[in-house]
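Subject: Structure for you to look over

Dear colleague,

I am passing on the structure we spoke about, and below it I have written out what was found. Please read the notes with the structure open beside them.

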Amino acid sequence: MVRFMNVNKSYGKLNVIEQLNFDVAEGEMVSIIGPSGSGKTTVLRTLMTLETINDGVIYVEGKPLTHMAKGGALVPADERYLRRMRTSIGMCFQSFNLFPHMTALQNCMEGPVQVLGLSKKEARERSEELLHMVGMIDKRDQHPSRLSGGQQQRVAIARALAMRPKVMLFDEVTSALDPEVIGEVTNVIRKLVTEHNLTMLMVTHQMGFARDISDRVCFFFGGKIEEQGTPSELFGNPQRERTKQFLSAVKEAI
Amino acid sequence: MPIWEFLQRYSSVVMHGTWVTCLQFLLAALVAVSIALVIGIGKLSANPLIRGACVVYIELFRGTSLLVQLYWIFFVLPLFGITLPNFTAGFISVGLNYGAYGAELVRGAIQAVPRGQWEAATALSMSPFARMRRIILPQAIAIMLPPWGNLLIELLKGTALVSLISVTDLMFQAKQINASTYLSAQAFGTALIIYYLFARGLITPSMRWAEHAVARRLGRS
């Protein structure tokens, strides 16, 4: 479903992603863990095309995402091509990024109406269904400023899902939340994993949650996948020294 | 001459002048806001040609005197075959000039909208145009309204210069009365007070109301 082929990303001299090869199968839930600065958020951001890559190609559903075919060769994609490719990918952010001048419902309807060209009525039905699923239907007419962090993040998940993406990206979606409301967001993601066949990529610091719901966990270090495996393999029996160090440091913090 | 007698005798002339000032203000503000939006957004364009043109515009109109620009548009443009009536030349000059200042307000406000809003709109696959119109500008307007209130008061006072190309505004009438009666204190005193009341009694409350309306839209009140 998603394939990174020899992808490089650097800011000046600093390599954030180095020669990354990484595949995600359809319907797979992959968690990305690792110390800060290891490039894990950048992986999601390049996949959402919020960052350009310096080298390599990213494929989504077998089609190049960052490049387009032109006269037999791959050239960097233009804005129109990117926009079409983006519709199959949805993303939720650490800081929610809801549109403050719109209600919860309007936030969810914006993409379907403006981008997919749905009628207001269709978009409303779709959005209300999703707000219902994330438990936010009662607050549909509230502006984000009236919602708690956990509530805002649940609306943000509904907003991304309203575009019916095939791949969902969660970028540290619980990091900005108070501990007592983290559960309401993780429960929504849990529900998505069990009830829908979405391909999901999640960057997280919550090891327990990653262990519970992932099909696969990748430990990033220095812009590369240092180690990956099923949750029980990676958490239960890490092979690499850096993975062990990281996991024990995280355990101490708890 | 006591002031009430002065007012009685010249009130109709003063009222007419005030009305012309009012029109000059509204039309110049319209020009300024439109120019500011176009140039302010253009200055953030990815295209270096568009960006360059906007920088040149701002530098030209902000860096030279409004009075000189007014004379250029009224006296020099006809030499190139563009003749504008003095009323039109008046509000266009003032609008073009203050639009250059406004463009910087627009640019600053757009850049002050959090990065995450651009990213969220991009993640929804919105086109650059839809992103600007639906997501960024509504938030940028909330940020730029207070400084615009300031700029519009400046613009009102700037319109007094159009009297120099014989637009019959408030300042023009005050000068006429002064020239024919030598009642300088009364004539310019009245003009002073009317300009003040216009700014304090109309522009400031309107802007405050607009700020309130925008805050309500953002769910902040």
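I begin with a pair of helices in chain B: H6(B) and H8(B) run roughly antiparallel to each other, because their axes cross at roughly 170 degrees and angles over 145 degrees count as roughly antiparallel. Please keep in mind throughout that this is a predicted model.

Helix H6 of chain B covers residues 128–158 and helix H8 of chain B covers residues 184–217, and their axes come within 10 Å. The crossing in which H6(B) passes H8(B) is right-handed. On the H6(B) side the contact includes B:Ile141, B:Leu145, B:Trp148, B:Leu152 and B:Leu156, while on the H8(B) side B:Phe198, B:Ile203, B:Met207 and B:Val214 are among the residues that take part. Sorted by class, this contact holds 16 nonpolar, 2 polar and 2 charged residues; B:Lys157 of H6(B) and B:Glu211 of H8(B) are among its members.

H6(B) also packs against helix H4 of chain B, residues 86–112, with the two axes 8 Å apart and at an angle of about 155 degrees. That angle makes H4(B) roughly antiparallel to H6(B), and the crossing of these two helices is right-handed. From H4(B) the contact draws on residues including B:Val94, B:Tyr98, B:Tyr101, B:Leu105 and B:Ile110, and from H6(B) on residues including B:Ile136, B:Ile143, B:Met144, B:Leu151 and B:Glu154. Here the division by class is 16 nonpolar, 2 polar and 1 charged.

Of the contacts in chain A between residues at least 6 apart in sequence, 63% join residues at least 24 apart.

The two chains meet where 21 residues of chain A are in contact with 19 residues of chain B. On the side of chain A that touches chain B, helix H2 (79–86), strand S8 (89–92) and helix H3 (104–114) each supply at least two residues, and H3(A) gives the most, with 3 residues. That side of chain A is made up of 8 nonpolar, 9 polar and 4 charged residues.

Finally, two residues deserve a look at the backbone. Most residues other than glycine have a negative phi. A:Asn6, however, has a positive phi near 50 degrees; A:Asn6 sits in strand S1 (residues 2–11) of chain A and is exposed, with 12 other C-beta atoms within 10 Å. In chain B, B:Tyr182 likewise has a positive phi, of about 60 degrees, although it is not a glycine. B:Tyr182 lies in the loop between helix H7 (170–181) and H8 of chain B, and counts as exposed with 10 C-beta neighbours inside 10 Å.

With best wishes

Notes:
Residues are numbered from 1 along each chain as its sequence is written. Chains are lettered from A and ligands numbered from 1 in the order in which they are written. This is a predicted model: local features need pLDDT of at least 70, side-chain atom pairs count only at pLDDT 80 or more; totals for chains, interfaces and linings use all residues. Two residues are in contact if their C-beta atoms, placed from the backbone, lie within 7 Å. Helices (H or I, at least four residues) and strands (E, at least two) are DSSP runs, numbered from the N terminus. Ala, Val, Leu, Ile, Met, Phe, Trp, Tyr, Cys and Pro count as nonpolar, Asp, Glu, Lys and Arg as charged, and the others, Gly among them, as polar. Axes are lines fitted to C-alpha atoms, for helices over the stretch in contact, and angles run from 0 to 180 degrees between N-to-C directions. Angles under 35 degrees count as roughly parallel, over 145 as roughly antiparallel, 65 to 115 as roughly perpendicular and the rest as oblique. A crossing is left-handed if the near helix is turned anticlockwise from the far one by less than a right angle, and right-handed if clockwise. A residue is buried if 20 or more other C-beta atoms lie within 10 Å of its own, exposed if 12 or fewer, and partly exposed in between; C-beta atoms are placed from the backbone.
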